[in-house]
Amino acid sequence: MTVRKSDFQPAWWLPGPHLQTIVPSRLRRFRPPPRIRQRMELPDGDFIDLDWCGLEHRSGPLVIILHGLTGSSDSQYAWGLQAALLQRGWSSVVLNFRGCSGEVNRLPRAYHSGETGDLDCLVRWITTQHDFRSRPLAAVGYSLGGNVLLKWLGEQGQQVPVQCAVAVSVPYDLQACQRKLDDGAGRIYRDHLLGNLLVAARSKREHYRRIAAEEHLQSLLGLGALEDIRTLWEFDDRITAPLHAFDGAADYYQRASSRHYLRAIDAPTLLIHAVDDPLVEAGSIPQAQDLARGTVLELSQQGGHVGFVSGAVPGRPQYWLEQRIPGFLAETLSSRA
């Protein structure tokens, strides 16, 4: 159970949490590494799309990557990490949560912060494949994806089939983070995320109209109008919770928050977090007593949300996460070999 100071040093020319958060996600220009898309059918009749990188490397670790809320395999941090892993000769796969791959998923339900079933399905499939089952397996989650990963690790306990994991900028307490997003500058991020969620919800209704999927359409229309939803709480209370069998937003936040699962994690896990994260309530960051024996929390005072941009020369950013994450995975997997 360790909480220690991170060695991350923010770029002096990107001061404050907002520049650290926005620059890498909005202004980074990056050519993604070559990838192969695979569709995975799920037991309930839905699907997830997987984006594989480095499959030509038939030995070495395989890393599963989980993106954040309204993100995808096209999120800059996913590209960057896959490229960094490829340089090491490792393979990786990004799990696009349901409806996040550019194509509407089949069922009215979608994904949420506590949905671990699809991740579990992917991991179980990987561990049965001849090409993968002898290779070390690791997982990395960002933001919502980090919450999903930590919850899943806790649910698995000692039976977990991954050797190690990393979670970045996790909203450990969903209700506390929702309150932060309703206050001050947090509303800028809230409105951005909510806007994306509403666009996806409208697109899904229109898709069902277009393909005449009347039963699915009525399931969504029965949740009510979207036009008057103004906060994430309202969206989760009226859309997320009923679609995924929660008794309202409060029940969803309580049951889906990864904070309740941290002490049950058995795999060596690194948590990377910045105290100035503009999307995560600082009071929800775990303390040493909240963590399992093999978990390390590395805290930096600065870094924003999935930011962590360093570099001494203006205009020449260095993406520290793409050094720290592979470094931790390599060190941990080597020690467990």
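Visitor: What makes strand S3 and strand S5 count as paired, and in which sense do they pair?

Guide: In this predicted model, strand S3 (residues 47-53) and strand S5 (residues 91-96) share five bridges in the antiparallel sense; pairing requires at least two bridges found by DSSP, so the two strands count as paired. One of the residues involved is Asp51, whose bridge partner in S5 is Val94.

Visitor: Why are S1 and S2 called edge strands?

Guide: Nine strands form an open sheet with mixed pairing, in the order S1-S9-S8-S7-S6-S4-S5-S3-S2, and strand S1 (2-5) and strand S2 (36-41) each pair on one side only. Neighbouring strands of this sheet are turned by 20 degrees against each other on average, with direction ignored.

Visitor: Which strands does helix H2 touch where it packs on the sheet?

Guide: Helix H2 (residues 76-87) touches S3, strand S4 (62-66), S5 and strand S6 (137-142), and its direction makes about 165 degrees with that of S5. Helix H3 (residues 117-126) also packs on the sheet, touching S2, S3, S4, S5 and S6, and its direction makes about 165 degrees with that of S4.

Visitor: How do you know whether H6 is roughly parallel or roughly antiparallel to H7?

Guide: The axes of helix H6 (residues 186-210) and helix H7 (residues 214-221) come within 8 Å and cross at roughly 150 degrees. Angles over 145 degrees count as roughly antiparallel, and therefore H6 is roughly antiparallel to H7. Their crossing is left-handed.

Visitor: Which residues of H6 and H7 meet?

Guide: Lys204, Arg205, Tyr208 and Arg209 in H6 meet His216, Leu217, Leu220 and Leu221 in H7; by class, this contact has four nonpolar, one polar and three charged residues.

Technical notes: Residues are numbered from 1 along each chain as its sequence is written. This is a predicted model: local features need pLDDT of at least 70, side-chain atom pairs count only at pLDDT 80 or more; totals for chains, interfaces and linings use all residues. Side-chain values use heavy atoms; hydrogens and water are left out. Helices (H or I, at least four residues) and strands (E, at least two) are DSSP runs, numbered from the N terminus. Axes are lines fitted to C-alpha atoms, for helices over the stretch in contact, and angles run from 0 to 180 degrees between N-to-C directions. Contact means heavy atoms within 4.5 Å. Angles under 35 degrees count as roughly parallel, over 145 as roughly antiparallel, 65 to 115 as roughly perpendicular and the rest as oblique. A crossing is left-handed if the near helix is turned anticlockwise from the far one by less than a right angle, and right-handed if clockwise. Ala, Val, Leu, Ile, Met, Phe, Trp, Tyr, Cys and Pro count as nonpolar, Asp, Glu, Lys and Arg as charged, and the others, Gly among them, as polar.
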